[in-house]
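Please consult the sequence and the coordinates alongside the numbered points.

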Amino acid sequence: MTQDQNETAGSERGSLSRRTVLATMGALPVLAATTSVLGASEAAAATAVIDPSAPRQTIRGFGGMAHAAWIGDLTAAQRDTAFGAGEGRLGFSVLRIPVPENQADWSRDLATARRAIELGATVIASPWNPPANMVETFVRGSQTDAKRLRYNMYGAYAQHLNAFNDFMRNNGVNLYGISVQNEPDYAHDWTWWTPAELVRFLRENAGSIGTRVIAPESFQYLKNISDPILNDSAALANVDIIGAHLYGTSFANFPYPLFKQKGAGKELWMTEVYYPNSSDSADLWPQALDVGEHIHRAMVDAEFQAYIWWYIRRGYGPMREDGQISKRGAVMAHFARFVRPGYVRIEATANPASNVYVSAYRGGDSTVVIVAVNKGTSAVSQQFTLANSTAAGVSSWLTDASRNVAPQGTTGVSNGSLTVTLPARSMMTFVTGVSPGPSPSPSPSGGTGPCRVAYTMSSWNNGFTAGISITNTGTSTINGWTLGFTLPPGQTITSGWNATYTPSSGQVSARNVGYNGTLAPGATIDIGFQATHTGDTAEPTAFTLNGVPCTVV
């Protein structure tokens, strides 16, 4: 992404060459608002089947970019609007910040990053350029002053990224990950990397970086940039998140079969986009519904685990310059506020009617979230059926031409089915709690039963991340839980998600947080943490849930 000084004719993708590239590759269309109505009667739709027992990808969150150097920092109130999850908030759970090339500028986005962390968000960082002393110029086609990282500076550049990670951690921000390079394949205004150079850096240098490594962040999700990483086992071992941008990417190119084949244990993130353009107001309706379809396809077709907008506060962004949530922002909030980090996308009928898009997600506390977009000009009578589950009531929220994420109250569920009206040109989110099979009788607070734990670990030279899946294999609901385990000597937790960890080493107790304290029979909660180690990367061998030993798989 480039700064505002490069804006031309209202476009913020920057230089003429960028606009030319998008035009020649098929830039995404701008939809004009229209007031025509094709009839007031409701159209019937096929039943949308939601199956909480059929998991897909784990969701890490939805968010946006803060870049104080280019557009000014978010105010304190704007930070709360962006990362708060209550009514009138965006509910963002991911913040992306830049890695300045000069160490003197490293604190520029610190205040926003700290507040995001306080509100439960994850923070990642991307560099546009290495320090100037590490860069050389070369001729690239017609560009005579193209920049690239000098080969003899690869090690120093890894140290630079690691130093930024250390700086942020020492100032209260544990980065979830750091990128090697923002848009290495569209770098007219920053630093170019070839696929071979990325592979070399990942193979030889990225292993020394003390947090998750993100690459390649291709500007258009071009697979020829990421394929070489997936096809090189040594490079792939040192990358944790395959990152992509979606500027002008057609929906047909959203799926990534090679990642599904070779990306086991890695995450897949969409780390930057605006859609459908940066020239129109974010309040243009129904154009803002395009964002809803775009996120739907990013979750369902591409199976991304995160979706990150460009500038959080901008005239075309989720938050207007006055700090108010825009229509595009309201559409994003239908996902961000309700589909929280650690939720898992589950199988759902994705397109039950023309112009209707449905996706569904399951929280570890047996919450099910359904997000429905109706881009059509007629209302749709939509039936949702929960497979292999039961539910009582469903709460819903609506955005249309006149309302933004407006609460619509609670609706009953009959025999696992719910029929609702999706108004023309609208977006709705439905939230319910489910139980598998017949509804169980809740146990007293703190009750427990048999449990199963899966522990996965990804380590590097002095650190690691651990993911823990906790499943209630009993027949009673657990209301409030504590997972106990012992870390080997030298392992110390530095940050965690979806649980509170005390102490940071030795015999650890991981306690539920406010939104995931209920664990129904058959339900699974995903928690995790990042830690340092002094050489011992052994895994805990035993776990207890509320004092009862668990099966370890």
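1. The charged network deserves attention at the outset. In this predicted model, salt bridges join Arg-56, Lys-260, Glu-303, Arg-345 and Glu-347 into a network. Across the whole structure, the search returns 25 salt bridges.

2. Arg-56 is partly exposed, at 37% relative accessibility. Glu-303 has a relative accessible area of 16% and is buried, because buried residues are those under 20%.

3. A further salt bridge pairs Arg-96 with Glu-217, whose closest N and O atoms are 3.2 Å apart. It links distant parts of the chain, since Arg-96 is in strand β4 (residues 94-99) and Glu-217 is in strand β10 (residues 212-218), 121 residues apart. Arg-96 is buried at 0% relative accessibility, and Glu-217 is likewise buried, with a relative accessible area of 0%.

4. Lys-375 and Glu-293 also meet in a side-chain salt bridge, at 2.7 Å from N to O. Here the loop between β16 (367-374) and β17 (380-386), which holds Lys-375, is linked to helix α10, which holds Glu-293; the two residues are 82 apart and the pair connects distant parts of the chain. Glu-293 counts as buried, with 8% relative accessibility.

Definitions and conventions:
Residues numbered from 1 in each chain as written. Predicted model: local features only at pLDDT ≥ 70, side-chain atom pairs only at ≥ 80, totals over all residues. Heavy atoms only, no water. Salt bridge = Lys/Arg side-chain N within 4 Å of Asp/Glu carboxyl O. Buried < 20%, exposed > 50% of the residue type's maximum accessible area, 1.4 Å probe, protein only. Helix = DSSP H or I, 4+ residues; strand = E, 2+ residues; numbered from the N terminus.
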